[in-house]
Amino acid sequence: MTQIPTFTLARTGDQIPALAMGSGTKHRIKKKAETDNPKETATEELTQLLTDAITYAGFTHLDTAETYTTEVEVGEAIKRSKVDRSKVWITSKYDSGWRVEYPASTPSGPYEALTKSLKKMDLEYLDLYLIHSPFFHPDISYITVEEAWRQMEKLVEDGKTKNIGVSNFNTEMLEKILKVAKIKPQVDQIEFHLYLQNQSPGVVQFCQKNDILVEAYSPLTPILPHRITNGGPVDELVEKLIKKYGVTKNQLILRWVYQSGVLPVTTSSNKDRLKEALGMFDFTIDKEDFTELTELGATFHYRGFFNKYFEEGKI
Ligand SMILES: NC(=O)C1=CN([C@@H]2O[C@H](COP(=O)(O)OP(=O)(O)OC[C@H]3O[C@@H](n4cnc5c(N)ncnc54)[C@H](OP(=O)(O)O)[C@@H]3O)[C@@H](O)[C@H]2O)C=CC1
Ligand SMILES: O=C1Nc2ccccc2C1=O
């Protein structure tokens, strides 16, 4: 099995496996449609897929969130796979709310939310806990981002999570936390791919300067026809490079994210496609090819999530 490289988190020195298997998006939607009590009930199909991700494909990093309702399956998959808990990195996220119709699920904040999530997963601790969204407003999150961060720090102090971070935060929101933090955020999980390299603008550079690891969700966007409906500027080059390196499109596109110093969070409902993804660690994109991909990618813009917040400054 491919040995998965790691990124080192600045504060703890913890080694975070450089590719994650996500249990959001399609898994979240499918489960909501099929299950009466998605928060409490594990579905067999997803439990088995996550188990296969570990035992068949070789993933060592699972990504979930309170709002996905897939924490139960992640917990079940750890048990079923029989791997030592310390060998799998588990990230979850506090549902800080999205808009007035979808406020935070646990009004008191992340301390109580993670306490409930750990029960659902039947785990003692997480490796990483993130604040899922930056939309702090009294009608959505009930508490301020500063109070949420204080509770995140208490979760570290009490051993309920080893690392803490954020998701979908722009530079301004990160600065708010850095001002009050005793424990700095270790990660910002954001949408990032060839067609969204300098998002929100400057957040990737800001993170890299401040020792915050960037995680990329939706990393495969440039090769997904349901997202890039009329093709994009890297298509021809991608065809040329997959022949040159003898790899698949998925491997090339994920590798580009990794070589950018960013950790991709991908997913699939197919265990062979998951195994294929890990092949991204078996080759290196040459410097010139990497630069050409980066430059061509930067000529096109696509954002699938939270356009209003990032581009118009409102939610
Ligand atoms: N923090 C946040 O706000 C967010 C976090 N996330 C996290 O990131 C994870 C991954 O996000 P996602 O956008 O799904 O990631 P990807 O960009 O990796 O897309 C994965 C999807 O692409 C499909 N796919 C893969 N390869 C191909 C191919 N060659 N041709 C056609 N379809 C293909 C898969 O379908 P198939 O099943 O058929 O293989 C799957 O549905 C989520 O599960 C979640 O954990 C996601 C969004 C927001
Ligand atoms: O996986 C995810 N899918 C989503 C859709 C909307 C908002 C957040 C998310 C996720 O984190």
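These legends accompany close-up views of a predicted model. Local features require pLDDT of at least 70, side-chain atom pairs count only at pLDDT 80 or more, and totals for chains, interfaces and linings use all residues. Residues are numbered from 1 along each chain as its sequence is written, while chains are lettered from A and ligands numbered from 1 in the order in which they are written.

**View 1. The shell around ligand 1 holds 25 residues.** A residue counts as near a molecule if its C-beta atom, placed from the backbone, lies within 6 Å of it. Gly22, Gly24, Leu220, Thr266 and Ser268 come nearest. Helix H1 (25-34), helix H9 (249-259) and strand E10 (263-266) each give two or more residues to this shell. Helices (H or I, at least four residues) and strands (E, at least two) are DSSP runs, numbered from the N terminus. By class, the shell has 6 nonpolar, 15 polar and 4 charged residues. Ala, Val, Leu, Ile, Met, Phe, Trp, Tyr, Cys and Pro count as nonpolar, Asp, Glu, Lys and Arg as charged, and the others, Gly among them, as polar.

**View 2. Gly24, Thr25, Arg28 and Ala65 surround ligand 2.** This shell divides into 1 nonpolar, 2 polar and 1 charged residues.

**View 3. Tyr68 carries the UniProt annotation "active site" in an unreviewed entry.** Such annotations may be inferred rather than shown by experiment; their positions follow the numbering used here, and feature names are shortened. Tyr68 sits in the loop between strand E4 (61-63) and helix H3 (71-81). Tyr68 is buried, because 26 other C-beta atoms lie within 10 Å (buried: 20 or more; exposed: 12 or fewer; partly exposed: in between; C-beta atoms placed from the backbone). Beyond its neighbours within four places in sequence, Tyr68 contacts Ser23, Gly24, His27 and Arg28 (contact: C-beta atoms, placed from the backbone, within 7 Å).

**View 4. H3 packs against helix H4 (residues 110-121).** The angle is about 45°, and the axes lie 7 Å apart. H3 is therefore oblique to H4 (under 35 degrees is roughly parallel, over 145 roughly antiparallel, 65 to 115 roughly perpendicular, the rest oblique). Axes are lines fitted to C-alpha atoms, for helices over the stretch in contact, and angles run from 0 to 180 degrees between N-to-C directions. Glu71, Val72, Val74 and Gly75 of H3 meet Ser117, Lys120 and Met121 of H4. The contact comprises 3 nonpolar, 2 polar and 2 charged residues.

View 5. His132 lies in the loop between strand E6 (126-131) and helix H5 (145-157). With 25 other C-beta atoms within 10 Å, His132 is buried. Not counting residues up to four places away in sequence, His132 touches Ala65, Thr67, Lys93, Tyr94, Asp95, Ser96 and Ser167.

Methods: Two residues are in contact if their C-beta atoms, placed from the backbone, lie within 7 Å.
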